[in-house]
Amino acid sequence: MYTVWHCTDCKDPTLIQINDTRFHLHVPEGATPKDGPSAGVTIVSALLSLARNQPIRRDLAMTGEISLRGKVLRVGGIKEKVLAAKRAGVTTVILPAENRKGWDELGGRSRADVEVAFAEEDDGGSGVAFC
């Protein structure tokens, strides 16, 4: 899995030892319509949070499908996801870089009071996600 490689390749001294730990995460295709792929970035961030023993910010939402090589892929429903995040009190969202156009097309009210970070490759949102 990309996350395990990414963590063990990193020289970050805050990472716990996971060299002898194996993660197998299987998300079956078609299990529930519209669920799953968009959670890739979130799942990787959760695993990095575990490895780093560091919590993720509570005011953060993220979405993005992730390839086996860690590339963050475009997802649908950006407007709906941003509006739902705002209703939940989120102040920062991480979106795939390929969804920049969708963000730019949102009206000013939809974008108001929300910071956005665009991700091309998944680093677990380490620059934004962690406390």
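Predicted model: local features only at pLDDT ≥ 70, side-chain atom pairs only at ≥ 80, totals over all residues.
Visitor: What makes something a helix or a strand here?

Guide: Both are DSSP runs, numbered from the N terminus: a helix is H or I with at least four residues, a strand is E with at least two. Read from the N terminus on, the chain goes α-α-β-β-β-α-β-α-α-β.

Visitor: Okay, T63. Why is T63 called buried?

Guide: Buried means under 20% relative accessible area, exposed means over 50%, and partly exposed is in between (1.4 Å probe, protein chains only). T63 has 7% relative accessibility, so T63 counts as buried. You'll find T63 in the loop between β1 (60-62) and β2 (65-66).

Visitor: What makes the pairing of T63 and K81 a polar contact?

Guide: You need a pair of N or O atoms within 3.5 Å; within protein, one must be able to donate a hydrogen and the other to accept it, and residues adjacent in sequence count only if both atoms are side-chain atoms. The side chains of T63 and K81 are joined at 3.4 Å, so the pair qualifies as a polar contact. The T63 side chain also reaches the backbone oxygen of S38 at 3.4 Å.

Visitor: Which residues does T63 touch?

Guide: Leaving out residues up to four places away in sequence, T63 touches S38, V41, V75, I78, K81, I94, L95 and P96. Contact here means heavy atoms within 4.5 Å.

Visitor: Now V72 and E121: why is each one called buried or exposed?

Guide: V72 sits at 2% relative accessibility, so V72 is buried. E121 comes in at 53%, and therefore counts as exposed.

Visitor: Where are V72 and E121 in the chain?

Guide: V72 belongs to strand β3 (residues 72-73), while E121 lies in the segment after β5 (115-119). E121 and A97, 24 residues apart in sequence, have a C-alpha to C-alpha separation of 8.9 Å.

Visitor: And how many residues of the whole chain count as buried?

Guide: Of its 131 residues, 33% do.

Technical notes
Residues numbered from 1 in each chain as written. Heavy atoms only, no water.
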